[in-house]
Amino acid sequence: MNFQTKTLDWAQAANLSVDALLVLVPEKARVPSSAKDPLSQMARQALAAGDLSAAAKTLSAYRLAGVKAPRVVFAFVSDVSAAVLRQAVASAMAAIKQPGVKHLGVVTSLMGKPELAALQPIMLALGDATYSYTETKPSAKARELNKVTLGLSHAPAAQLAFEQAWATVRGVELAKEWANRPGNHATPSCLAEVAKALGRPAGFSTEVLGPKEVAKLGMGAFMAVAQGSAEPLRFIVLRYNGAARTQAPVVLVGKGITFDTGGISIKPAGEMDEMKFDMGGAASVLGVFEALAHSRPKLNVVGLIPSCENMPDGLAVKPGDVVTSMSGQTIEVLNTDAEGRLILCDALSYAKRFKPHSVIDVATLTGACVIALGAVRSGLFSGDDALAQAISQAGERSHDLCWRMPLDDAYAEGLKSNFADMGNIAGRAAGSITAAKFLQKFTADMRWAHLDIAGTAWRSGAAKGSTGRPVPLLHQYLLDVASGQAKLA
Ligand code: BES
Ligand code: MN
Ligand code: ZN
């Protein structure tokens, strides 16, 4: 998707040569009665008649006199909050997405000052509405609308926000695309190739470790998950250097299970296809690097992606097997379906060598988190108040929400094992928290947070597909760290 900005008022917007115009119309007061241009006149009349209101949110016009664009859709915005803007753009796009509409003009210039903060939600909603998955569906229509001109009241003032928002949109799109691809088209080796391809033009380095190197590092927990699969595991290390080499990097760790059958503790068949999305954490880390390649903030970031399949097999890890993690701690694998924490714990141990500023792992980790928070907010877990606050705020600022969950030590009781330093599961109760407590055992001496995105990374049902979350949150956090907005005491 190609975006550009232009300083435009409504009168100038009427002269824009585009296939369609989307006019965001704020509440009455902001459409001045003096404005005589065709867009203002129609909007004013529609508002007065109640044909554009909280109840009648969009209004379409065709070949409006004095307007160059053949199609015009007005969308009512009761306020300029991200939720309202995204909804307004989404409903308007349902009318706009017609064959032949390749170039869209979006008129925001009556929204006044909040225009800047409104850019990202508008651009994300446009990206969402026009995204089309075609990789394994040749009959699907490819994206036709691929050019958007954003009309702003003062484009130069919005330049930085515009570039950051566009970088986020690109990152979300990359995350979505790879998470959507089925397990046989998005293997661990595929993800490694994506990471390499991302790094090359952007000038950051990508290192890919295979089974031999991972064995040498002693990642016994990660290897145990991979051993039942014919697909070789990959451990992907991405490095973005935007600051002096001496500056401690932020480390992002993404769960990259390209398919989770559950292993020997096999899952029921219903909806098991959705476990192709179990690399949503990895996809979001790749997406963040795509965003960084365009936003180029002044900080260092390391991305770590442990990636493999979780399969049942004659060689697969069995319930009761005890494995030794890279940290030296032993783990009794009581349930092979609790595999995410097994691959993440070794990646967290690996993260220590970077002496990180902070570490955030991102994982479609537990069904329990879906029960707790649904599809609205990701679960946030951290023992560090300042880090938790910085991440929560990044979520609010980017409208990619999360909610902090508790981490009392009492929740770790159930992880005790008679045969190893810990088991990999506790009881059914508080499942997302006990998973986080397990991970926490591998994060000593690091400022660490964990995001459980099991409920937010993809949608089920008719609109089944990846959301690209939490790329907006993570990218925002990194921009906040770079600009000094995120202060960790
Ligand atoms: N990838 C799943 C978590 C998951 C399940 C995400 C359903 C989204 C929807 C994870 O590997 C898993 O299987 N977790 C188990 C843990 C349990 C065995 C302690 C779960 O949540 O059931
Ligand atoms: Mn599992
Ligand atoms: Zn899983």
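## The manganese site

Let's begin with the manganese ion (ligand 2), which is coordinated by Asp260 (OD), Asp337 (O), Asp337 (OD) and Glu339 (OE) at 2.0 to 2.2 Å. Donors here are N, O and S atoms within 2.8 Å of the metal (3.2 Å for Na, K and Ca), and sites may look incomplete because water is not among the atoms. Along the sequence, the donor residues of the manganese ion follow the spacing D-x76-D-x1-E.

This is a predicted model, in which local features need pLDDT of at least 70 and side-chain atom pairs count only at pLDDT 80 or more, while totals for chains, interfaces and linings use all residues. Residues are numbered from 1 along each chain as its sequence is written, chains are lettered from A and ligands numbered from 1 in the order in which they are written, and side-chain values use heavy atoms, with hydrogens and water left out.

## The zinc site and the bridge

The zinc ion (ligand 3) has Lys255 (NZ), Asp260 (OD), Asp278 (OD) and Glu339 (OE) as its protein donors, lying 2.0 to 2.4 Å from it. Their spacing in sequence is K-x4-D-x17-D-x60-E. Asp260 bridges the zinc ion and the manganese ion, and the two ions lie 3.2 Å apart.

What geometry does the site of the zinc ion have? It is octahedral, with angles of 78 to 173 degrees among six donor atoms. For six donors, that label asks for opposite donors over 155 degrees apart and all others between 65 and 115; six donors that do not fit count as irregular. The manganese site is irregular, its six donor atoms spanning angles of 71 to 167 degrees.

## Around ligand 1

Ligand 1 is surrounded by 16 residues, and the closest are Lys267, Asp278, Asp337, Glu339 and Gly367. Residues belong to this group if one of their heavy atoms lies within 4 Å of the ligand. The shell divides into five nonpolar, four polar and seven charged residues, with Asp, Glu, Lys and Arg counted as charged and Gly among the polar ones.

Some polar contacts (pairs of N or O atoms within 3.5 Å) can be picked out. A polar side-chain atom of Asp260 lies 2.9 Å from an oxygen atom of ligand 1. The side chain of Asp278 places an N or O atom 2.8 Å from a nitrogen atom of ligand 1, and a polar backbone atom of Thr364 is 3.3 Å from a nitrogen atom of ligand 1.

Terms used
Polar contact = N/O pair within 3.5 Å; in protein donor to acceptor, adjacent residues only side chain to side chain. Tetrahedral: all angles 85-135°; square planar, octahedral: opposite > 155°, others 65-115°.
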